[in-house]
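Visitor: Please pick a part of this model and take me through it closely. Give the cut-offs as you go.

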Amino acid sequence: MSEPVNIENMSAKEMLGYFQNKLDEEAREHKKNGKLVCWSSSVAPSEIFVTMDVALCYPETHAAGIGARHGALDMLEVTEQKGYSTDLCSYARINLAYMDLLKEKALSGNTPEKLAKCPGADIPLPDVVVATNNICNTLLKWYENLSYELNVPFILIDAPYNHTMPVAPHNKKYMAEQIRHAITVLEKLSGKSFDWDKFREVQKQTQRSVKYWLKIAEMGSYKPSPLNGFDLLNFMALIVCARSRDYAELTFKKFVEELQQKEKEGKYAFGDNEQQRLVWEGIAVWPHVGHTFKSLKSRGMLMTGSTYPNVWQLAYEIDNLESIGESYSNVYTNTCVQNRARVLGDVGELGKCDALILHQNRSCKLMCFLNQSCAEIVHDRLDIPYVLFDGDQTDPRNFSPAQYDLRVQSLQEMVTDQKKQQRSPKS
Amino acid sequence: MTRINEIISGLQKVTADPEKAVADYTKETGKGAVGICYLYAPDEIFHAAGYLPVGMWGATVPISKARTHLPPFACSVMQAVMELECAGVYDILKAVVFSVPCDTLKCMSQMWKGKCPSLTFCHPQNRKLEASNVFLAEEYRQLKERFEAIIGEKIPDAAIEKSIGIYNANRAVMREFTDVAAEYPDIFDPVKRHAVIKSRFFMEKSRHTALVSELIAEVKKQPKKPWPGKKIILSGIMAEPDGFLDVFRECGMAVAADDLAQEGRQYRVDVPDVPGKEPLYRLARWWQDFDGCSLATDLATVDKGKFRGNMLVDMAKKYRADGVVICMVKFCDPEEFDYPVLYPVLDKAGIPNLMVEVDLEIRSFEQVKTRVQTFRDILG
């Protein structure tokens, strides 16, 4: 393990990088020492795995990192050669490629060229995989294939789609039963008994991490805002990968303090050029994240609202498995259109947003097929204009900078016109 | 042969005009029909109430209004269903039922454009746990209650039990039919075989069972002829439209068996008899016992391999098929995820295989034909 460092002197951004690396390093150490490593979907109950001292790696975050560092195409080529359609989720395709290359390395002892060149973090192969399909059913198929290709167990915490809200009692019971079952599977795999006292502490830790995560998002409600919403996309890595550890809490707490200090000193995200405030709906376009941000920044359009924080709004009653199950079922993408639109509208209201921009993400049917319906509901509620643009979370071929710029420009014009009309209403 | 042709032609007419089937049934019974959107649902509940559950599998229609609601990369079948929703085709139904085993269906359940009420439920995916049966039985209970509120009457358990019996009888006869059809490829080309199977979505099941039983009996009287062409297994969601299936006929191929969601997967297993359990629980158990579909999560991969791949290898051996054709509905994620791990299993077992795209919008099948012709040539 690396030398301990004094995190007190680090900025939140430095802590983010430090803890991300530390998590990967811990996973590699686990593998080396014969302890369990698990690949997990982004919103699966990490609490039970952390309790059992299982190291967690997160394929979605890992794939996003590869995309942001412009390593996606090499990976996508590997899965396309295996017969995966280019229409499928690019996170899945990148991760299945990475898995394939790691497997080849494990079997042959040689590092494939594409793996050597891969700019993503070095994570070990899993001994078990876990998915909760509260963000999409694509995960079911993706993790089925991981499990099949690696011959490792697939722990599923199935989160049935909520056609009505709140989460129904029989749904909560089903979720709780699955968590109990997952615990027995982990006990069998690890040969250890589940420590319910430690579990309680891990739950409490998770609640603290979530609390500070939501506090960051709240900083976007200041006008002008000290928070640049795009930062949420980066800090999200820790709410995904370390919410059941203190790494997330410490980092988020530091970030909140920094933002509060900026607010106090009048140091805003866009200085004195915050002209319009946006809700961003959907995953970032990782290979073009710089372009998407700069295009907005050049127009003084600041993202102050995002639905991301709500995905990890995992508030539950300690020691209550049904309540934990409910919180993991409650993710807005796993709920009816009325609830999704309510969440989106609440985010717009909290962020005092003037407009809504929605990513028609080629990778994510669940997130984008209802964009139009949600946007119309939010438009009616908040009287703000919206645009949709085509893109993809990590396949760089599915995004056109010119189309994006044009849509952003149109959105700005719509907001400007609307504001003019509000200032001088027709007699 | 006259009676055989009469029955097949009658079933083809039913399949070609579901609207008439619904209208005739409504006139005759004074009740109506319930649309089952796409894949799997407890049809027995609606049958028990005297309503006709009808399949909603899209149609060959030009996509225009659906584009307002769905991006072009939504699956081909749902594009067609949305187009028909917008055109008011489903407005003659008493209700429609959506289950949501994929992301596209989740969204479709939230943007219903028809005039009749839509009812939704969710199939659990941790299917081998008892908790999953309990959850699904409760989903079915709530579904039943919502339908009872629409029709203004209660559906007794005894009626559901009776309907389960009628449906299981139909499942059994369909399994027998597909085996018989494989023995008589000169009578059942792929299009005719499909019409016999698909007609079960638009007919009261006991009537369908009676007709198919008669058809089987008549066919068995005929001498079996040697088949000079090739025999294949179709796998996927569906193999439509008829123009698509006709390509196989033109290429001298007969369907020996299928693993299609629209066909064999519907009646692969029966609703089990579970002593002491209510009928809704029995219906839930069907989902637990059912395997080999891309939309029913397969958790038993460790050491055993994926069920679907092994099942297809077994089927190919049992029916002495020359090859397997994967019919890939355009933009269907679950099937697209199965393919890269499925075809290597077939390759390893030495079973020739081909993947062709199914797109309900297309009317020209020359590209499919080129691929199927090449495949036939490879088969020798």
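Guide: Helices α3(A) and α5(A) pack at about 95 degrees, so they are roughly perpendicular (65 to 115 degrees; under 35 is roughly parallel, over 145 roughly antiparallel, the rest oblique). This is a predicted model: local features need pLDDT of at least 70, side-chain atom pairs need 80 or more, and totals for chains, interfaces and linings use all residues. Residues are numbered from 1 along each chain as written, chains are lettered from A and ligands numbered from 1 in written order, and side-chain values use heavy atoms, without hydrogens or water.

α3 spans residues 59–68 of chain A and α5 residues 90–108. Helices are DSSP runs (H or I, at least four residues; strands are E, at least two), numbered from the N terminus. The two axes lie 9 Å apart. Axes are lines fitted to C-alpha atoms over the stretch in contact, and angles run from 0 to 180 degrees between N-to-C directions.

Contact means heavy atoms within 4.5 Å. From α3(A) come P59(A), E60(A), H62(A), A63(A), A64(A) and I66(A). They meet Y91(A), I94(A), N95(A) and Y98(A) of α5(A). By class, that is seven nonpolar, two polar and one charged. Ala, Val, Leu, Ile, Met, Phe, Trp, Tyr, Cys and Pro count as nonpolar, Asp, Glu, Lys and Arg as charged, the others, Gly among them, as polar.

Chain A also meets chain B: 48 residues of chain A are in contact with 49 of chain B. Three salt bridges cross this interface (Lys or Arg side-chain nitrogen within 4 Å of an Asp or Glu carboxyl oxygen). In one of them, D338(B) pairs with K141(A), closest N and O atoms 3.0 Å apart.
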